[in-house]
Amino acid sequence: MTEITLYHYLFVGLFVFVLGFAGSIVCKNIIKVLICIEFMLTGVNINFATFAKYCGGSSADGFVMILFYTAIGAIELAVALYIFYFMHCKKQSDNIEKYGEL
Amino acid sequence: MINDFFNILLPQGCLTIFILLQLLIGMFASPKFHKYARFISLIGISLSILLLSTVQTEPQYFAFKNSIMSDSYTQLFHFVILLCGFFITLLTKKLTNTFKQSSYTFNALLLTAILGALSIVSANDFLTLFISIELMAFPTYFLIASAKGYHSKEAAFKYLITSAVSTGVFLFGVSYLYGITSSLNFTEIYEVLSEGEPTLIYSFASVMIVFGLISKLSIYPFANWVIDVYKGTETSVLAFLSTIPKLAMFGILCRLLVFPLSLGLELPFIIAIISLITAIWANTYAIREKDAKVILACSTSANMSYVLLVSALVSVYNLSTVIFYLLCYVVMNIAVFAFLNITEYEDIGFNVANFKGLFHKNHSLGLAYTISVIGLAGFPITSGFVAKIYLFSAIVNSGLVFIPFLLALLILMVVALFYYLKLILPMFEKATVDTKVLKALYSQKFVLIITTAITVLIGAYPEKIIELCRFVAYNI
Amino acid sequence: MDILISIPFLVFFPMLASFFIMSPLFTNNEISIRRFSKSIFGFIFLYTIFLLVMFDTANPFISKISFFGLDWIQALGVQFSFKIDGIGMILVLLTSFIFFISAISSKMNIRKNHKFYYSMLLLLMSAILGIFTASDMFVFFMFWELELIPAYFLIGGDFSLETNTEAKKSAIKFVLFTFLGSMVMLLGILLLHYYSYMTSQTLTANFSEIFTERIPVIIKLIISACFIIGFGVKLPIIPLHTWLPDAHTNAPTPISMVLAGIMLKTGAYGIFRFNYQIMNDVFQIFAPVLAIFALVNIIYTAFVAYAQTDIKRIVAYSSISNMGLILLGLCAFNQIGLNASVFHMTAHGLVTAGLFMICGIVYLRCKTRDINTLGGIASNMPRLFGLATLIVLASIGVPAFAPFISEVLTVISAMFSNLGIVLKVSAIVALPLLIISSCYMLKFLHCGFMGEKQEAFAKINDITTHEFIVLASVVAGLLLFGIFPSALLGMIG
């Protein structure tokens, strides 16, 4: 068994982030897009946690960043759903192509 | 801690108090007082402008464990942002009239966005920067969505998705930078990095950070969405959207490019190429368009790409040109949107063909609008002309490599002239019976006339302002 | 006395008057607007004559505006400075004269939007005077760009009773072409400014202080090429000329007079200032190439002019042809060539203004400009016919008129040029121009005026005293400079 190093964590972080980024661009379903944005958030947070653990030293900056980003991400999602609710009332669909009036 | 607050944070503190005040009054005030919400905002912004004079700037002042800083550079940006905020608040009257109940909330949101913009400029670590960006972004979503109808919601949603994705990209870059230097503070990062050779991961991180930040500047990868956002947004909010976030983002981007991100050699070229692509895309896209809002969205993209190109080629001289260009640009842009705000509520719409003959019925308003658009196109006696020459001289100073870029930009200016002409020429056509005499509010007229006057005055005598910009750039 | 000689006053007074007319303070009454602006133009003309009297070739007028002791843009070393030397004086005088007669002849052609029209005309005059007097590159460029705005509105504006949709298109074409040229020129100015600063360490944009000696040759070539393209659009040099015939044909008559009489000369003036004077060592490399372009201008457009049926188009193409002659004089790169060039600018400015005015008068009365339907109006309009004959004779280079002197001088200068065989050949080739130009100008006169009397034109009237005085003054100027060429040549120095 190899030891789990910094790079393994970083790889997971990168993988999740790229998954989220690609998904947010490709997905046709609005809910899926929102989930993909959450994936990006997770990827970033994995990175921060890893770095805070391995190279952060005594400061907790990385963990603080995670805390804030999680909170703000949650609010962002709430706002997104709130606005989406208004749009959904009109269109009754979650396909992104139905919403391209502009 | 308390000392720090009184030394540099009084303007922001004042704004915060007024935000709370707005929300409190909004809860208890009877509906007939809702039209006075604007005045509270105006008083708050004016007070903050006054309080700017109490801020310590000499020498650079770092506060709250180096997370916030203040110098003459931030002070200038704060002043301009607050001034724009003042004008924009004046413009929102017609919009707030449409929703009766919640105008206190609307004004509180606007103030919050301005507060966010102020904090962005004075941030000195990535955590503060990130929170400030979100502080500016959240109210912006609601401001965009506040107008009636479905379109504003769609615009807000699109803006939200773009912002959320770009925030992710930005923070991903930050996380690597944090990994290399184990710090989030700009000054510390710069100190750690300048000791060693820049690594590949550093370049990757800095590109990610820049990409994350430029989404708010409507630069190419995100520019397509910007046009949709512009289409669905009410004009007074658009006046906000096209000035204050831009100012704030450039305020921090220039600082980042001067300090923590200045060590990689390939970043300027990458940014230059993105800017060029944006300039080409935006200018050619606008040729076919007939909607004034879309044309202005493209114009914003194009202008921002010129500024971005110069700010990537870091030097003190270039920085001063960037600041000067931004100053001139926001003033002209507010003037143009003030005019569109007048026409929007006269049911003229945004198709440029509907502006037919307006000049002959509304001499002074039409003239002010024409001068501002001509200024955006870069013609003399307006500040746009001086800004253009000054900005392009910076590209020449940056070396022969960038001369082809400059040539491309200059030729694109001709294309740009074509669509700027489309914005004003119908006004000079023959007036018909349907041509309206515009009924503008005093506040709208005030904003239009004052901003145009500033444009012309800076154009006639730019030296004092340029001197100020150079002073600020030397002190960053 | 010094206090009366003020170039900024000369340049900015029309601009202020323009803003005054535009402002709501000024009356909307057509007659008072016209009288007011005519008196402004007259005053400026008298003022330039006063300047001419005071002028001394050895000490050119110099003045500088400083705002509270500061330069205009200190970061770029730009000063708001002006200078009138001999050539500038001649062109300033020509400008004020042509604008004056154009304002007088506006009465007939301009029927609507008087306020807008006259304020734009004053603004245009201000910009052109600024171009001829600026002694700082960036100030020059500012006026160069400023000129576009009023020029656009004057060409494409809605001033006559019938609507002309073509006018708007050609105005946009004009603006885009010229703006493209000026953007390329801006690149040249910025490069020149930067390299001058780098090699001499003095931050300046003044024509006389720009330092070019130590700039690498390749950069100098690029800069010169930028300037030639920039000014070549205005001049126009052949592949860049397509905006001109449309703009000149569709513009109202007084504006055509100004465009052909003055505005084209700004291009030639720019080549003189920037290429001939500042970048003079590289100009010797460019001159033979430019001479070929000038020849193409002269010959090609002469043939094209002969093929035209619209009288205004004939005159428009003839001015391209004549601008080629001016360029050829500059390319000779000697004193005679310069003299010839400036002399021809003046002479051609007068001729072409006169010709466009004749076209306008004919069009007003006959409602057509087609050469095939015109004809037989000479007997109804003896006074116009007489004056037109004199001006056409002048334009084909009959002795005793000014163009004769400059055409001969140009050919001589090209013959004696030191810049190689190309110029000598072009001098020989340019000679047939006189024959071709006499062909198309005589066609203009013959088909336009002579021939059998036509029913349709039986009731038209001869020119009014108003128009007679204007045309007669043009003829008088042509005769004056034709008989006493030294009056002008002495000033070029």
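The largest nonpolar core of this predicted model has 428 residues, and B:Phe126, B:Leu129, B:Phe170, B:Phe392, C:Phe140 and C:Phe143 touch the most other members. A nonpolar core is a set of buried Ala, Val, Leu, Ile, Met, Phe, Trp, Tyr and Cys residues joined through side-chain atoms within 4.5 Å. Buried means under 20% relative accessible area, exposed means over 50%, and partly exposed covers the values in between (1.4 Å probe, protein chains only). Helix H16 of chain B (residues 316-344) gives the largest share of this core, 21 residues. Helices (H or I, at least four residues) and strands (E, at least two) are DSSP runs numbered from the N terminus. Apart from its neighbours within four places in sequence, B:Phe126 is in contact with A:Met65 and with B:Phe170, B:Val174, B:Leu177, B:Leu184, B:Phe186, B:Ile189, B:Ile209 and B:Leu256. Contact means heavy atoms within 4.5 Å.

Residues are numbered from 1 along each chain as its sequence is written, and chains are lettered from A and ligands numbered from 1 in the order in which they are written. Local features need pLDDT of at least 70, side-chain atom pairs count only at pLDDT 80 or more, and totals for chains, interfaces and linings use all residues, while side-chain values use heavy atoms, with hydrogens and water left out.

Two pairs of chains touch, and the most contacts are between chains A and B. Chains A and C do not touch, their nearest C-alpha atoms being 31 Å apart. Between chains A and B, 42 residues of chain A are in contact with 36 residues of chain B. The area buried there is about 3,500 Å², with 80% coming from carbon and sulfur atoms. Buried area is the accessible area (1.4 Å probe) that two parts lose on being put together, summed over both. Three residue pairs are in polar contact between chains A and B (both at pLDDT 80 or more). A polar contact is a pair of N or O atoms within 3.5 Å; within protein, one must be able to donate a hydrogen and the other to accept it, and residues adjacent in sequence count only if both atoms are side-chain atoms. On the side of chain A that touches chain B, two or more residues each come from helices H1 (6-26), H2 (30-54) and H3 (61-91) of chain A. H3(A) gives the most, with 18 residues. By class, this side has 29 nonpolar, eight polar and five charged residues. Ala, Val, Leu, Ile, Met, Phe, Trp, Tyr, Cys and Pro count as nonpolar, Asp, Glu, Lys and Arg as charged, and the others, Gly among them, as polar.

Between chains C and B, 40 residues of chain C are in contact with 43 residues of chain B. The buried area is about 3,600 Å², and carbon and sulfur atoms give 82% of this area. C:Trp72, C:Phe179 and C:Leu187 supply 14% of the area that chain C buries against chain B, more than any other three residues. One salt bridge is counted between these chains, formed by the side chains of B:Lys388 and C:Glu145 (3.1 Å, N to O). Both of these residues are buried.

The structure holds 15 salt bridges over all chains. B:Lys158 forms one with B:Glu154, with the closest N and O atoms 3.0 Å apart. These two residues are separated by about one helical turn because they are four residues apart in helix H8 of chain B. B:Lys158 is buried at 13% relative accessible area, as is B:Glu154 at 1%. Another salt bridge joins C:Arg383 and C:Asp462, with the closest N and O atoms 3.8 Å apart.

Some backbone features lie in loops. A cis peptide bond joins C:Leu235 and C:Pro236, with omega about -10°. C:Pro236 is in the loop between helices H8 (217-234) and H9 (243-250) of chain C. B:Ser182 has phi near 45°, a positive value in a residue other than glycine, and lies in the loop between helices H8 (150-181) and H9 (186-195) of chain B.

Terms used
A salt bridge is a side-chain nitrogen of Lys or Arg within 4 Å of a carboxyl oxygen of Asp or Glu.
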